[in-house]
Amino acid sequence: MTLPVTVVVCTRNRPELVRAAVTSILDGDEAPLELIVVDQSSAQTDDLEPLGAVTGCAVRHLRLAEPGLSRARNAGVHAARCDIVAFVDDDVVVAANWLSALLEPLDAADDLATTGRVLIGQAEVPDALEPSSVVSSRPAVFAGRLRRDVLAGGNMAVPHRAFSEVGLFDEQLGAGAAYPAADDNDFGYRLLEAGYRIAYVPEAVVHHRAWRPGGDYVRLRWRYGIGQGGFYAKHASLRDPHVLRRFARHAAARVTSLPVRAFYDRRRLAGDLAFLAGLLTGFARWLATERRRAPLRPTRGE
């Protein structure tokens, strides 16, 4: 049985990972009506379209020359033919009931998006870097102004019309962009500001594979800080200081954690310092270079 949803999987230079992710989706209890692999790999990769033959899912392999996760997601939105669009990353494996659980609360006419649980997979390399996770087992529905970000970009579903109302993913944010993180935080913030709710569905589980070596940790924390700082600066306003307060609390929390990290965990200390430096750098850089840029708006494609 197929469900009336387009699943978008964005990938770049990870052929084995993306094949495993797509296979897990198609092997689920219920498959999507359509699955779009947006591929920005620097070399030709295997065609994944035949994988959908048994399930009845239309697998489409869309290749883009330019890198950028938000650019890839936007291409998937433009190409999607269903009224609901779901997103997963290429380095996850989904649970068998992932898609049905993620979609269960959704109706394309509702002002509601969904997100789910992200659990850490088994280490696949020595000293594997622990990927980001969302582990709460309690369902929740979020609305209005929040003190934290609640939308997991690698595990979410959104009514297609929401992109016409709140805009596309910001292509200055996210992996491969000038501010290489926080694209999902930005989109989730804009959804909530537009009056949408975000439902957290813990039954919708993906397993984030631990394939990165631990030596990448500090570099990734710097990149995450740059992206988060850019996100805060994008929405910062003296007239409405909500985001400025969030930025200040986030920076203060990192500073407060430094003495504890110095005593117990030197690697996490280095990571926190890198994140804090990136946070301040991204915030300042965005204010200096990006504030006058007009937001993107989509037109629905084939």
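Leaving out residues up to four places away in sequence, E290 touches Q172, Y179 and R285. Keep in mind that this is a predicted model. E290 sits in the segment that follows α8. Is E290 buried or exposed? Its relative accessibility is 12%, and the cut-off for buried is under 20%, so E290 counts as buried. On the polar side, its side chain makes a polar contact with the side chain of T289, at 3.5 Å.

α8 runs over residues 266-289, which makes 24 residues. From first C-alpha to last it reaches 34 Å, close to the 34 Å expected at 1.5 Å a residue. At its start, a side-chain oxygen of D265 comes to within 3.3 Å of the backbone nitrogen of R267. Further along, the buried residues of α8 include L269, F275, L276, L279, F283 and W286, and G271, D272, A274, G278 and G282 are buried too. What do these buried residues pack against? Their partners are α6 (217-235) and α7 (242-264).

In soluble globular proteins, nonpolar side chains tend to be buried together. Here the largest nonpolar core has 33 residues, and the ones touching the most other members are V7, I25, L35, V88, W98 and L103. Elements giving two or more residues to this core include β1 (2-11), α1 (15-26), β2 (31-39) and β9 (197-210). Which element gives the most? That's α3, with five residues. For a closer look at one member, take I25: setting aside neighbours within four places in sequence, I25 is in contact with V7, V9, E30, A31, P32, L35, V88, V94 and W98. Another core lies apart from the largest one and has 30 residues, among them L69, A72, V150 and F187.

| Core | Size | Some members |
|---|---|---|
| Largest nonpolar core | 33 residues | V7, I25, L35 |
| Another core | 30 residues | L69, A72, V150 |

Terms used:
Residues numbered from 1 in each chain as written. Predicted model: local features only at pLDDT ≥ 70, side-chain atom pairs only at ≥ 80, totals over all residues. Heavy atoms only, no water. Helix = DSSP H or I, 4+ residues; strand = E, 2+ residues; numbered from the N terminus. Expected span 1.5 Å × (residues − 1). Buried < 20%, exposed > 50% of the residue type's maximum accessible area, 1.4 Å probe, protein only. Contact = heavy atoms within 4.5 Å. Polar contact = N/O pair within 3.5 Å; in protein donor to acceptor, adjacent residues only side chain to side chain. Core = buried A, V, L, I, M, F, W, Y, C linked by side-chain atoms within 4.5 Å.
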